[in-house]
Amino acid sequence: MRVRGWWSGAWPTRRSRAFDIAIAVTLAVGDGVFLWFAEQKFWLPPAAVAVCSVILGLTLIVRRSHPVGLCVFAMVFATITGAGAFATLVILYSLAAYTASRRTVVGVALAGYVAGLVFPGPTAATESFLAQSIFGIAFVGVPVLLGLYMGARKQLLASLQERAARLEREQHLLAERARGEERTRIAREMHDVVANRISVMVVHAGALKAIAVRDPERAAETASVIGDMGRQALEELRHVVGVLRQGEEALPQQAVTLAHLRELVGQSGAAGLRVDLKVRGEERPMPPAVGRTVYRLVQEALTNVHKHAGAAETRVELGLLPEAVEVEITNDPPTARPEHRLPSGGNGLLGLRERVTALGGSFDAGPRGGGYAVRARLPLPAS
């Protein structure tokens with residue numbers, strides 16, 4: 001199992017493994033044949049030098065996994081036997097290309113260069129020391145410099161690939177987050193359009209059933225209100241679907257005014273809820289985002305009163321301050337259990353908190369004096 005693990009882990013890819021095996025066999029045979037027929041004489045007979053060159057060439061199989069050990073072995077083995085010619089150049093290149101420490105590369109290369117000068121071959125007797133020095137610098141320096149360049153290039157490419165992969169992962173996470181936020185926003189919009197509107201329409205329908213016989217005129221007015229609310233719900237639903245198809249800026253969004261809030265309060269009043277709207281401050285247009293949030297706050301709070309408090313007396317207070325808009329919707333304790341069994345998903349107040357927080361405001365909701373209160377403060381953008 002250990003041999004198999006080393007064999008499979010010595011190369012990054014099958015292509016690199018096949019390349020190393022091919023180059024080891026090629027240089028082993030090439031150096032063996034070249035030194036067999038070389039005219040230069042060595043310490044050993046030509047046949048022994050050729051065999052040693054074959055052995056040295058085959059050791060190139062481990063040039064990626066053990067470049068330092070291979071270079072030290074080649075330095076000692078080649079100095080003693082005179083083996084290796086082209087294989088030594090590849091070993092020096094591999095030392096520089098696959099060793100992480102630059103100091104180790106320089107140290108081993110200098111040791112090999114010095115060893116070549118201190119223990120020259122038998123053919124060096126006819127050459128001057130200066131010629132041996134220059135030849136040694138060229139023989140060692142060229143493959144080492146080339147290996148350092150290729151190693152740095154390989155590390156740069158690896159870092160760029162890692163950075164690209166990291167950016168892709170981050171982009172994927174950002175896309176997932178954006179999709180999650182978009183799903184939340186769509187769910188919030190659908191809740192506002194469908195749940196709130198239809199809840200009030202159900203209340204109106206219950207009132208219509210109760211007065212249809214004894215008060216036909218009021219029943220007709222209630223039916224008209226139901227129709228108006230149904231058309232409003234369809235219009236808002238069309239807007240939401242249009243945003244899904246074409247984007248947030250595709251459809252114009254109407255700015256919410258106090259007239260819309262009074263109409264919303266009037267619809268709840270027509271359904272039998274005793275509700276009063278009080279405005280503090282100078283009436284002026286609100287920014288679109290703030291106006292829509294204020295509208296949803298009042299709409300959700302009144303819908304919750306219909307669901308849980310029935311016909312309890314309710315107060316809507318709107319404070320138009322120079323720097324912010326304050327909204328407070330409070331209802332008294334319910335005098336009777338609501339007749340309409342409207343389901344509650346529990347997401348309305350959570351959606352309101354998200355809306356207000358997104359605009360940098362504060363939101364609070366909870367029991368108050370036996371009833372319930374919803375309060376929010378929305379800062380206005382600077383002029």
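**Entry 1: overall composition**

I counted 11 helices and five strands in the chain; helices (H or I, at least four residues) and strands (E, at least two) are DSSP runs, numbered from the N terminus. I note that this is a predicted model, in which local features need pLDDT of at least 70, side-chain atom pairs count only at pLDDT 80 or more, and totals for chains, interfaces and linings use all residues. Residues are numbered from 1 along each chain as its sequence is written, and side-chain values use heavy atoms, with hydrogens and water left out.

I looked up burial next: 37% of the 383 residues count as buried. Buried means under 20% relative accessible area, exposed over 50%, and partly exposed in between (1.4 Å probe, protein chains only). The chain exposes about 22500 Å², of which carbon and sulfur atoms supply 62%; accessible areas come from the Shrake-Rupley method with a 1.4 Å probe, and for residues only the protein chains shown count as cover. Among contacts with a separation of 6 or more, 71% are between residues 24 or more positions apart, contact being heavy atoms within 4.5 Å.

**Entry 2: the sheet**

I traced an open sheet of five strands in the order E1-E2-E3-E5-E4, with mixed pairing. Its edge strands are E1 (275-281) and E4 (362-368), each pairing on one side only. The twist averages 10° from one strand to the next; axes are lines fitted to C-alpha atoms, for helices over the stretch in contact, and angles run from 0 to 180 degrees between N-to-C directions. Two strands pair if DSSP finds at least two bridges between them.

I then listed the pairings.
- E1 and E2 (residues 314-320) run parallel and are joined by seven bridges; Val275 has Thr314 in E2 as its bridge partner.
- E3 and E5 are antiparallel over eight bridges, and Glu326 has Arg377 in E5 as its bridge partner.
- E4 and E5 are antiparallel over seven bridges, with Ala365 opposite Val374 in E5.

The hairpin of E4 and E5 has two residues between the strands, and Gly369 there takes a positive phi near 60°.

**Entry 3: helices on the sheet**

I found helix H10 (residues 288-308) lying across E1, E2, E3, E4 and E5 (371-379), at about 5° to E3. Helix H11 (residues 348-358) also packs on the sheet, where H11 touches E4 and E5 and its direction makes about 150° with that of E4.

I placed Asn331 in strand E3 (residues 324-331). Asn331 counts as buried because its relative accessibility is 9%. Beyond its neighbours within four places in sequence, Asn331 contacts Val305, Ala309, Ala312, Glu313, Thr314, Gly371 and Tyr372.

I placed Gly151 in helix H7 (residues 129-211). Gly151 is buried, at 6% relative accessible area. Gly151 lies 57 residues from Ser94 in sequence and 9.1 Å from Ser94 in space, C-alpha to C-alpha.

**Entry 4: a nonpolar surface patch**

I identified a nonpolar surface patch of about 650 Å², made by Val25, Val29, Val33, Trp36, Phe37, Val54 and Leu58. Patches are made of residues with over 30% relative accessible area and no salt bridge; like charges are joined within 9 Å and nonpolar side chains (Val, Leu, Ile, Met, Phe, Trp, Tyr) within 5 Å. A salt bridge is a side-chain nitrogen of Lys or Arg within 4 Å of a carboxyl oxygen of Asp or Glu. Helices H2 (14-36) and H3 (46-58) each supply at least two residues of the patch, and H2 gives the largest share, four residues. I checked Val25, which is found in H2; Val25 is partly exposed, with a relative accessible area of 41%.
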